[in-house]
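Hi everyone, thanks for making time this morning. I have one structure to walk you through, so let me put it on the screen.

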Amino acid sequence: MQRRIQKPDTEPKSFFQFKSYQKDPRRPALCCRTRWARKMLPVCLLLAAVCLQGSLLQEAGTREQRKPFFERFRRLEEQFRRFQEVTRLRLQGIAGNYNISYNIDTRFRHLADQYDTIAAALNASHAALREDLGSLKIWMKKLQKRTKKLASKLSLLAESLSESRKQSSGERLQQSTLLSNLTLQTAGHVVDLTALHASRNTLQKELENLREASRSQGTKLEALEQRLKNTLHREVLASGHHELAASQQLNQTPQHKLLEAGESQGHSMKKLHAKHKQRKKLEEKRQHLLAQASKRGLQSSLFHSNKTPRQERQPETPTVPEPQAARQQLRRVAQISQEQLQSPSPEKPGTICNVDSMLLFPNASTENFATFGQGFQTGVHELSVCSWVSTHTRSLGTILSYATEENDNKLVLHGRNTAAPASIHFVIGDPAFRELPVGQLLDGRWHHMCIIWSSIQGKYWFYVDRRLVSTGSKFQEGYEIPLGGSLVLGQEQDVVGGGFDPSEAFVGRLAGLAIWNRTLLPGEVSSIAIGKGLPRGTILRLADVSSLNGSVQKVNCTCLEHCL
């Protein structure tokens with residue numbers, strides 16, 4: 001019986017709670033157990049009374065028999081007390097379980113509400129996490145692109161550094177060799193100059209000696225001439241006087257006196273001729289020395305510093321013109337030719353007169369670019385870009401770039417001086433691009449180019465000077481170039497309106513640039529190239545450029561031949 005009482009675990013705590021517990025229809029098993037307990041309680045009391053009665057009936061027995069009976073009765077009483085304790089505990093446990101089960105629905109509802117709130121918070125956190133992951137992916141792509149660009153720049157810098165080191169080492173070697181050669185040449189020139197100075201000094205001394213000799217000979221000749229004149233005059237006077245006296249006295253002349261006068265006159269004439277010959281020889285020797293001095297480049301200085309009055313009377317020998325005078329003559333000729341070139345010439349009538357204006361990008365600088373006031377006003381599914389291009393660099397550079405906040409390469413005609421010089425990348429929605437050949441545009445002359453793309457057909461066409469140079473299909477079919485971006489000429493944007501790289505800049509001239517939001521026909525491309533006018537539907541032209549930055553210049557020229 002004690003074992004049966006220990007089985008129920010969900011009895012109510014008290015009999016006052018038992019009625020309410022019994023009325024609960026949701027717990028039929030618990031009600032059955034309480035009924036069974038109520039039925040067993042009188043049975044137990046009956047058994048206890050029977051035992052008590054049996055014990056009282058046996059009191060008439062002997063005292064020896066009463067002792068074990070009382071002991072048994074005590075045991076039964078103790079068992080009954082224990083049974084009461086156990087029953088009370090079981091009933092209290094049953095009542096506690098009932099109270100717990102009575103409030104379990106509200107708890108379940110509360111838990112369900114908590115679960116809903118936790119699920120909503122988890123969904124919101126998942127959505128935020130997805131957005132963060134999307135933005136993180138975009139930034140990762142941009143970061144990868146920038147790292148690639150930085151890696152390419154670093155590799156190019158390393159290559160250029162190694163080349164510059166090689167060139168500097170070669171230049172140093174050349175400079176060292178040149179210095180050694182120059183030192184040797186200067187040493188030789190110093191030796192030659194010392195020899196020239198020595199020869200000049202000797203020549204000056206010889207010339208001084210010759211001048212002194214010629215002066216002394218001249219004075220002697222003058223004195224002799226004067227003496228000869230005086231003697232002749234005296235002799236003539238004396239002979240005339242003697243003849244006159246003799247004629248007066250004897251009226252005849254003696255023959256021996258006439259012979260003596262003739263002999264003295266012939267002797268003086270012979271002396272005069274010898275002096276003249278000696279003077280001629282001295283002059284010839286002096287002229288020979290002057291010719292040698294002029295060959296060595298010293299004639300002019302010696303001739304002008306050591307000129308005598310007698311030499312001034314003689315005609316000067318022709319001298320070689322100095323290098324400074326020749327340089328001055330060359331400068332005058334160059335100045336005259338330059339003035340002739342700069343003189344205004346009448347302009348010839350142009351044949352291609354549909355360009356309106358021209359932009360000049362003088363050098364590869366991040367400050368040289370032009371921007372439009374506003375980009376595309378609507379989404380673009382078809383595109384045509386045409387322009388006249390002239391450049392003398394080894395690569396074409398970036399002609400046009402269109403960037404948005406989402407992607408900085410929505411539309412790019414991208415060239416780089418470190419990539420393949422004879423090609424550019426036609427980019428629509430990075431990383432999709434096609435490579436276009438532009439080698440024939442790099443000769444410094446004007447060339448007409450048109451790039452056409454259709455999202456509907458997924459095709460592109462590239463024309464140069466009315467000829468189809470490149471075409472392709474399966475290129476961004478169904479793609480749309482969005483509106484509201486930044487359109488820049490001459491630079492490639494890594495961020496909206498900035499992030500320029502000088503190696504990607506355009507250097508040259510752009511004329512007559514125009515953009516259509518449709519695909520041009522081949523006949524329309526040909527008509528633009530021959531100057532017949534622009535087709536309908538242009539959405540942007542060079543006249544729409546809002547700002548010129550850096551050293552970019554705008555030249556208004558109606559005809560291409562006048563865009564200089």
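Predicted model: local features only at pLDDT ≥ 70, side-chain atom pairs only at ≥ 80, totals over all residues.

Residues are numbered from 1 along each chain as its sequence is written, and side-chain values use heavy atoms, with hydrogens and water left out.

So, how many disulfides does a search of the whole structure find? There are 3, where a disulfide is a pair of cysteine sulfur atoms within 2.5 Å. Counting bonded cysteines along the chain, the pattern reads 1-5, 2-3, 4-6.

Let's start with Cys-353 and Cys-559, whose S to S distance is 1.9 Å. The torsion about their S-S bond is about 90 degrees, so this disulfide is right-handed. The pair ties together distant parts of the chain, 206 residues apart: Cys-353 sits in the loop between helix 9 (323-342) and strand 1 (357-361), and Cys-559 in the segment after strand 15 (553-556). Helices and strands here are DSSP runs numbered from the N terminus (H or I, at least four residues, for helices; E, at least two, for strands). Are these two cysteines buried or exposed? Cys-353 is partly exposed, at 33% relative accessible area, while Cys-559 is buried at 9%. For those words, buried means under 20% relative accessible area, exposed over 50%, and partly exposed in between, with a 1.4 Å probe and protein chains only.

Next come Cys-386 and Cys-450, again with S to S at 1.9 Å. Their S-S torsion is about 120 degrees, so that disulfide is right-handed. This pair also links distant parts of the chain, from strand 3 (residues 382-390) to strand 8 (residues 447-454), 64 residues apart. Cys-386 is buried at 1% relative accessibility, and Cys-450 is buried at 0%.

That leaves Cys-557 and Cys-563, with sulfur atoms 1.8 Å apart. The torsion is about 100 degrees, so this disulfide is right-handed, and both cysteines are buried.

If you want one to look for, Ser-401 has Val-488 as its bridge partner in strand 11.

Finally, the largest pocket, which holds about 850 Å³ of space. A pocket, on a 1 Å grid over the protein atoms alone, is an open set of points where a 1.4 Å probe fits, with protein on both sides within 12 Å along at least five of seven lines; lining residues have an atom within 4 Å of a point. Which residues lie nearest its centre? Of the 26 lining residues, those are Lys-145, Lys-149, Asn-409, Asp-430 and Pro-431. Helix 5 (104-249) gives the largest share of the lining, 9 residues, and strand 5 (411-414) and strand 6 (423-428) each supply at least two. By type, the lining has 13 charged, 7 polar and 6 nonpolar residues.

Note on methods
Points joined across faces, edges and corners; volume = space filled by probe spheres on them. Nonpolar A, V, L, I, M, F, W, Y, C, P; charged D, E, K, R; others polar. Pairing = 2+ DSSP bridges.
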